[in-house]
Amino acid sequence: RLVLSIPLGCGAIATIILGFGAIGLLHGAALWAAVLVPGIASWRQLPRITAGLGEVLPMLEGWSAPSGSLARVIAWSVVLLLLLGALPPTTDWDSLMYHLEVPGEFLKAGRILVPEDNLHVAFVGLWHMLYLPFLVIGSSIAPALLNAACALLLGIAVLVIGARLFDRSSAVLAFIALWGSSGIILVSATPRIDVVLAYCLLLVTYVLISAAEERRPEKLVTAAMLAGVALGMKYHALLFLAALLPVAVWAFGRL
């Protein structure tokens, strides 16, 4: 529930902000209302979130040495690396050119628009709307921290999905292998959205398989919403979703 609800909730908030941008309401009060009102309305779910986070470390501790010890060392090392990467000012070209610059132009204009000198606006999507409440208070590192948190959720998702579909040994090996890719750590500590996109697409795949195995049609709706969030981030997701279509047909046929 933890790894599924966060991208769905973020997608809903981003859609609200996108709607505000379409009607010219991109200012501080509206942006923070889009974040705080759903947060206040769902405050009773906070114990479930903390309980979900509290289950992560026991999962790592449940594996025997040496793989369990290695997984714990890697987990804390990744947390440290992501913090060290996300806290300094952003310096990569993509982030400075459009991941932060174009949303900044939206804020200046108070609405969604095509800047005269930056056609990279074509690469700005749904997830970038979540940067606007932070940019309006002058925090340029918060988007990187948001993406770093989602990268950690990707690691949690790999653990949970691996343990449920295969076994704990497979899960911990997949968790270790995930962080063996330095590109994931380097990108997720920036405002770039590629790792967040991978996180959502992994969840789409898992929810489809889970819907077929448990014969629960409502999970197809969850998969569709996650797919919509992914497609709203980056149109490249359409290629992955097209390849996943046979799995969706198979899942639907098993209901």
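Three aromatic pairs are counted in this structure, where rings of Phe, Tyr and Trp (its six-membered ring) pair if their centres lie within 6.5 Å, with planes under 30 degrees apart taken as stacked, over 60 as edge-to-face and the rest as tilted. One of them joins W32 and F134 in an edge-to-face arrangement, with 6.2 Å from centre to centre and 90° between the planes. W32 belongs to helix 2 and F134 to helix 8, so this pair ties together parts that are 102 residues apart in sequence. Helices here are DSSP runs (H or I, at least four residues), numbered from the N terminus.

The structure is a predicted model, in which local features need pLDDT of at least 70 and side-chain atom pairs count only at pLDDT 80 or more, while totals for chains, interfaces and linings use all residues. Residues are numbered from 1 along each chain as its sequence is written, and side-chain values use heavy atoms, with hydrogens and water left out.

Helix 2, residues 28-41, also takes part in the packing around helix 7. Within helix 7, which spans residues 101-109, the residues V102, P103, G104, F106 and L107 are buried. These buried residues pack against helix 2, helix 6 (93-99) and helix 8 (132-135). After helix 7 comes G110, which has a positive phi near 80°.

W43 sits in the loop between helix 2 and helix 3 (46-54), and its relative accessible area of 55% makes W43 exposed.

Charged side chains supply another set of links. Across the whole structure there are six salt bridges, each a side-chain nitrogen of Lys or Arg within 4 Å of a carboxyl oxygen of Asp or Glu. In one of these, R192 meets D92 at 3.4 Å, N to O. R192 lies in the loop between helix 11 and helix 12, and D92 in the loop between helix 5 (67-86) and helix 6, so the two tie together parts that are 100 residues apart in sequence. D92 is buried, with 17% relative accessible area.

The side chains of K234 and D194 form a further salt bridge, at 2.6 Å, N to O. This pair links distant parts of the chain, with K234 in the loop between helix 13 (218-233) and helix 14 (237-254) and D194 in helix 12, 40 residues apart. K234 is partly exposed at 22% relative accessible area, and D194 is partly exposed at 34%. A salt bridge also joins E214 and K219, at 3.1 Å, N to O. Of these two residues, E214 is partly exposed at 38%, whereas K219 is buried at 17%. E214 and K219 belong to a network of salt bridges that also includes R216 and E218.

T190 brings the description back to the loop between helix 11 (182-188) and helix 12 (194-214). T190 counts as buried because its relative accessibility is 9%. Its side chain reaches the backbone nitrogen of R192 at 3.1 Å. Leaving out residues up to four places away in sequence, T190 touches D92, S95, P143, A144 and N147, where contact means heavy atoms within 4.5 Å.

I141 is found in the loop between helix 8 and helix 9 (142-165). With 24% relative accessibility, I141 counts as partly exposed. Apart from neighbours within four places in sequence, I141 is in contact with A86, L87, P88 and P89.

Definitions and conventions:
Buried < 20%, exposed > 50% of the residue type's maximum accessible area, 1.4 Å probe, protein only. Polar contact = N/O pair within 3.5 Å; in protein donor to acceptor, adjacent residues only side chain to side chain.
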